[in-house]
Amino acid sequence: MNRNEQYERLAIILKEKNDVLNDSEAVTWVEVLWEDFETSLAKAGEPYPGEAKAFQYVIQQIDAYGAQLHLFQTKNEKFKHLMSKRNLH
């Protein structure tokens with residue numbers, strides 16, 4: 001399975017946890033979580049353990065936070081596109 005297929009599979013899992021996200025938002029969140037895993041390892045100087053470990057990391061994040069991702073708030077421009085215009089109150 002290539003990385004895009006893995007992203008799609010993870011997005012389906014995320015949408016099972018969070019029905020507020022649309023398909024595009026779910027894929028974007030998966031990409032961000034995957035990138036977070038890779039970036040954190042790189043910053044720590046750790047070797048990349050492979051896509052299987054990245055996949056497992058994203059699954060763990062989805063299990064822990066997936067249902068609330070649509071509530072994520074940030075001032076970081078990198079993540080602004082993930083903020084929806086939904087009324088959360």
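Predicted model: local features only at pLDDT ≥ 70, side-chain atom pairs only at ≥ 80, totals over all residues.
Residues are numbered from 1 along each chain as its sequence is written, and side-chain values use heavy atoms, with hydrogens and water left out. Searching the whole structure turns up two aromatic pairs and four salt bridges.

**Helix α2**

- Helix α2 covers residues 23-44; helices here are DSSP runs (H or I, at least four residues), numbered from the N terminus.
- At the start of α2, N22 puts a side-chain oxygen within 3.0 Å of the backbone nitrogen of S24.
- After α2 comes G45, with a positive phi near 75°.
- Buried means under 20% relative accessible area, exposed means over 50%, and partly exposed is in between (1.4 Å probe, protein chains only).

**The Y7–W34 ring pair**

- Y7 and W34 make an edge-to-face aromatic pair, with 5.3 Å centre to centre and 80° between the planes. Rings of Phe, Tyr and Trp (its six-membered ring) pair if their centres lie within 6.5 Å; planes under 30 degrees apart are stacked, over 60 edge-to-face, and the rest tilted.
- Y7 sits in helix α1 (residues 3-17) and W34 in α2, so this pair ties together parts that are 27 residues apart in sequence.
- Both partners are tucked away: Y7 counts as buried at 11% relative accessibility, and W34 counts as buried at 0%.

**Salt bridges**

- R3 and E51 form a salt bridge, their closest N and O atoms being 3.0 Å apart. The criterion is a side-chain nitrogen of Lys or Arg within 4 Å of a carboxyl oxygen of Asp or Glu.
- R3 belongs to α1 and E51 to helix α3 (residues 51-65), so the bridge ties together parts that are 48 residues apart in sequence.
- E51 is partly exposed at 29% relative accessible area, and R3 is partly exposed at 26%.
- K17 and D63 also meet in a salt bridge, at 3.8 Å from N to O. This pair links α1 to α3 across 46 residues.
- K17 is partly exposed at 41% relative accessibility, as is D63 at 48%.
- Shared partners join R3, E38 and E51 into one salt-bridge network.
- K15 pairs with D23 in a salt bridge, with the closest N and O atoms 2.9 Å apart. K15 is partly exposed at 28% relative accessible area, whereas D23 is exposed at 55%.

**Q61 in α3**

- Q61 lies in helix α3 and is buried, with a relative accessible area of 18%.
- Leaving aside neighbours within four places in sequence, Q61 is in contact with L33 and G66; contact means heavy atoms within 4.5 Å.

Conventions:
Helix = DSSP H or I, 4+ residues; strand = E, 2+ residues; numbered from the N terminus. Polar contact = N/O pair within 3.5 Å; in protein donor to acceptor, adjacent residues only side chain to side chain.
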